[in-house]
Amino acid sequence: RPGRSGTACAPGGREPGGPGRATATIRVEVAGALRRFSERDGLEPIAGRGEEGREQLRLVSHAGPLGRTIRYHGDYHLGQVLWTGSDWIVIDFEGEPARPLAERRRKRSALRDVAGMLRSFAYVATAAELTRGSQAPEDWEERAREEFLEGYFPVVEPLALLPAGRAQTSRLLAVFELEKAVYELRYELDHRPDWVSIPVAGIVR
């Protein structure tokens, strides 16, 4: 019903537990992934870097509030948007298939969707070479990231969903990009081992 749907999708309060809880959850995911796949080929760039990543997450956990929560897409990337010729349509709001339904329905920081889109730019840049043997234009990923964020922030910042200040927003966004890259690492090792270099590069970054 419209009333219930509106309530379910309306912005919520602060993310429960603040940055400490969010980064603690990601620390567990990072440690688990590195432990599970430590002997797999292609992971040399991130081998032995678990403590470094945990330290970076610990520093973020002492930062300010995460901003307000909201029902977010959960699996937002370039493959989930269609260009009509005049506007973009977003599709497939089911969230990440590997996560439980209750988790996918939970209100979280909107920056998790931003992280998903930014990670998809990295996939486009590298997948062009993996699938077609052609290089993406120089600095394509960096320019795509910049233009997306330049369009996103002026629209979303007045809604008071994000942390106060671009510096804190950027730090939190980097954490969510790491979380997404770890998810990608698990997926690629299970389904497309030839693509594992993409999430590995994201974790190193």
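## Ala110 and its contacts

Leaving aside neighbours within four places in sequence, Ala110 is in contact (heavy atoms within 4.5 Å) with Ile70 and Tyr152. The model is predicted: local features need pLDDT of at least 70, side-chain atom pairs count only at pLDDT 80 or more, and totals for chains, interfaces and linings use all residues. Residues are numbered from 1 along each chain as its sequence is written, and side-chain values use heavy atoms, with hydrogens and water left out.

Ala110 lies in the loop between β4 (108-109) and α5; helices (H or I, at least four residues) and strands (E, at least two) are DSSP runs, numbered from the N terminus. With a relative accessibility of 11%, Ala110 counts as buried, a class that means under 20% relative accessible area, with exposed over 50% and partly exposed in between (1.4 Å probe, protein chains only). The C-alpha atom of Ala110 is separated by 9.3 Å from that of Val156, 46 residues apart along the chain.

## Helix α5

Of the 22 residues of α5, 16 are buried, so the helix is largely enclosed by the rest of the structure. The expected span of a helix is 1.5 Å times one less than its number of residues. For α5 this should give 32 Å, and the end C-alpha atoms are 31 Å apart, which agrees.

At Thr126, α5 bends by about 35°, the bend being the angle between axes fitted to the seven residues ending there and the seven starting there. Gly133, whose phi is positive, near 70°, follows α5.

## Aromatic pairs

A search of the whole structure finds 6 aromatic pairs. Rings of Phe, Tyr and Trp (its six-membered ring) pair if their centres lie within 6.5 Å; planes under 30 degrees apart count as stacked, over 60 as edge-to-face and the rest as tilted. One of the pairs is formed by Phe121 and Trp140, edge-to-face, at 6.0 Å centre to centre and 90° between the planes. Phe121 lies in helix α5 (residues 111-132) and Trp140 in helix α6 (residues 140-156), so this pair ties together parts that are 19 residues apart in sequence. Phe121 is buried, with a relative accessible area of 6%, whereas Trp140 counts as partly exposed at 24%. Ring pairs also link Phe121 and Trp140 with Phe148, Tyr152 and Phe153 into a cluster.

Tyr123 and Trp195 form a tilted pair, at 6.3 Å centre to centre and 40° between the planes. Tyr123 lies in helix α5 and Trp195 in the loop between α7 (166-191) and α8 (197-204), so the pair ties together parts that are 72 residues apart in sequence. Tyr123 is buried, with a relative accessible area of 14%, and Trp195 is buried at 18%. Arg192 lies over the face of Trp195, at 4.0 Å from the ring centre; a charge sits over a ring if NZ of Lys or CZ of Arg is within 6 Å of the ring centre and within 35 degrees of the ring normal.

## The chain as a whole

The chain has 8 helices and 4 strands, which follow the pattern α-α-α-β-β-β-α-β-α-α-α-α along the sequence. Buried residues make up 42% of its 205 residues. Among contacts with a separation of 6 or more, 75% are between residues 24 or more positions apart.
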